[in-house]
Amino acid sequence: MTEVRFKREALKGDGALPTHVAIIMDGNGRWAAKRGLPRSIGHRKGVDAVRRTVRAAIDLGIPYLTLYSFSSENWSRPAEEIDDLMGLMKRFIRRDLAELHQAGVKIRVIGERANVEPELMTLIEEACELTQNNQALTLIIAFNYGARAEIAKAARTLAEAVAAGRMRPDEITANAISSVLDTAGIPDPDLLVRTSGEMRVSNFLLWQIAYTEFVFLDAYWPEFGRELLEEAIARFRERERRFGGRSDRSTA
Ligand code: IPE
Ligand code: IPE
Ligand code: MG
């Protein structure tokens with residue numbers, strides 16, 4: 001039971017707590033524009049919000065936290081902005097890895113490894129390897145990630161197994177697909193949070209969010225931290241999850 005790891009006293013109210021919180025960190029550019037600042041400053045402040053959020057997740061005892069940091073579609077942005085984002089990712093790993101490791105954070109990265117510059121790839125691999133046995137919080141960074149590509153890759157993996165005679169077509173079940181996604185072994189998100197007021201999924205975890213509860217917040221990502229994470233969790237706890245079954249509260 002992962003839930004008992006939750007520091008219940010840290011959160012007000014009742015209702016089940018999420019085991020896995022996934023976040024679409026959106027609105028860095030608009031946060032900066034509102035202040036007449038360049039987008040790069042918005043992204044930099046966004047990294048501070050990542051730090052606050054990871055710390056809060058550890059404090060609250062959330063077992064899994066997934067952060068959408070760069071989508072496969074974000075390559076369509078101007079080269080200068082892409083450079084800023086890659087630079088911030090490198091700096092984040094270099095500066096924060098020791099502290100994250102100390103705090104018992106296990107880092108996993110999901111997404112395409114191709115196209116990522118070798119220097120950054122090496123940093124990512126080192127971070128995952130160093131922290132692989134940690135148990136306080138699993139931090140999943142969705143980097144160069146797109147759900148459709150992830151599902152297509154899973155389909156290829158299974159097709160190759162069938163072609164090689166290692167698997168029969170009727171063994172391709174939903175569980176078999178889950179087991180070859182980048183997120184293999186990670187429970188599906190209970191709660192998906194998106195900041196900045198946008199209400200869309202933008203190619204994030206399409207397979208895994210079949211029964212996830214969504215919370216959309218108007219705040220821009222650089223404003224995010226413990227307080228808004230707690231607010232999202234409080235809203236989640238008011239939801240009734242039915243998973244296609246019948247309501248416990250219904251009288252009929
Ligand atoms: C989120 O902020 C960061 C990434 C998508 C990498 P944006 O850069 O999307 O900011 P907005 O949505 O333009 O305000
Ligand atoms: C989603 O935000 C991707 C990340 C947060 C990394 P975008 O800003 O790229 O999404 P759209 O383009 O508004 O859908
Ligand atoms: Mg955006």
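This report describes the surroundings of two ligands in a predicted model, then several single residues.

## Basis of the model

The model is predicted, with local features needing pLDDT of at least 70 and side-chain atom pairs counting only at pLDDT 80 or more, while totals for chains, interfaces and linings use all residues. Residues are numbered from 1 along each chain as its sequence is written, chains are lettered from A and ligands numbered from 1 in the order in which they are written, and side-chain values use heavy atoms, leaving out hydrogens and water.

## Ligand 1

Of the 13 residues around ligand 1, those that come nearest are Asp-26, Gly-29, Arg-30, Arg-39 and Arg-77. A residue is near a molecule if one of its heavy atoms lies within 4 Å of it. By class, this shell has two nonpolar, six polar and five charged residues. Here Ala, Val, Leu, Ile, Met, Phe, Trp, Tyr, Cys and Pro count as nonpolar, Asp, Glu, Lys and Arg as charged, and the others, Gly among them, as polar. Helix 1 (28-34), helix 2 (39-60) and helix 3 (79-102) each supply at least two residues of the shell around ligand 1, and helix 1 gives the most, with three. Helices (H or I, at least four residues) and strands (E, at least two) are DSSP runs, numbered from the N terminus.

Which side chains have an N or O atom close to an oxygen atom of ligand 1? In Asp-26, a side-chain N or O atom is 2.8 Å from a ligand oxygen, and in Arg-77 a polar side-chain atom lies 2.7 Å from one. Gly-29 takes part through its backbone, with an N or O atom 2.9 Å from an oxygen atom of ligand 1. A polar contact is a pair of N or O atoms within 3.5 Å; within protein, one must be able to donate a hydrogen and the other to accept it, and residues adjacent in sequence count only if both atoms are side-chain atoms. Taken alone, ligand 1 exposes 380 Å², and the protein buries 86% of that. Accessible areas come from the Shrake-Rupley method with a 1.4 Å probe; for residues, only the protein chains shown count as cover.

## Ligand 2

The shell around ligand 2 includes Ile-24, Met-25, Tyr-68, Ser-69, Phe-70, Ser-71, Arg-194, Arg-200 and Ser-202. Asp-26, Asn-74 and Arg-77 also belong to this shell. The residues divide into four nonpolar, four polar and four charged. Strand 2 (residues 64-71) gives the largest share, four residues.

What distances separate polar side-chain atoms from oxygen atoms of ligand 2? For Asn-74 the distance is 2.9 Å. A polar side-chain atom of Asp-26 lies 3.2 Å from a ligand oxygen, and for Arg-77 the distance is 3.2 Å. Taken alone, ligand 2 exposes 390 Å², of which the protein buries 77%.

## The pocket

The space taken by ligand 1 is the largest pocket, and ligand 2 sits in the largest pocket. On a 1 Å grid over the protein atoms alone, a pocket is an open set of points where a 1.4 Å probe fits, with protein on both sides within 12 Å along at least five of seven lines. A molecule sits in a pocket if more than half of its atoms lie within 2 Å of its grid points.

## Positive phi in one loop

Most residues other than glycine have a negative phi. Asn-203 has a positive phi, near 65 degrees, and Leu-205 has a positive phi near 40 degrees. Asn-203 is in the loop between strand 5 (191-194) and strand 6 (213-216), and Leu-205 is found in the loop between strand 5 and strand 6.

Are these residues buried or exposed? Asn-203 is buried, with a relative accessible area of 14%, and Leu-205 counts as buried at 2%. Buried means under 20% relative accessible area, exposed over 50%, and partly exposed in between (1.4 Å probe, protein chains only).

## Three further residues

Ile-107, in strand 3 (residues 105-110), is buried, with a relative accessible area of 7%. Ile-107 and Arg-241 are 134 residues apart in sequence and 29 Å apart in space, C-alpha to C-alpha. Tyr-64 is found in strand 2 and counts as buried at 17% relative accessibility. Between Tyr-64 and Asp-188 there are 124 residues in sequence and 9.7 Å in space, C-alpha to C-alpha.

Gln-132 lies in the loop between helix 4 (118-130) and strand 4 (137-145). At 44% relative accessibility, Gln-132 counts as partly exposed. Gln-132 and Val-105 are 27 residues apart in sequence and 8.7 Å apart in space, C-alpha to C-alpha.

How values were computed:
1 Å grid on protein atoms, 1.4 Å probe; cavity = no way out; pocket = protein on both sides within 12 Å on 5 of 7 lines; lining within 4 Å.
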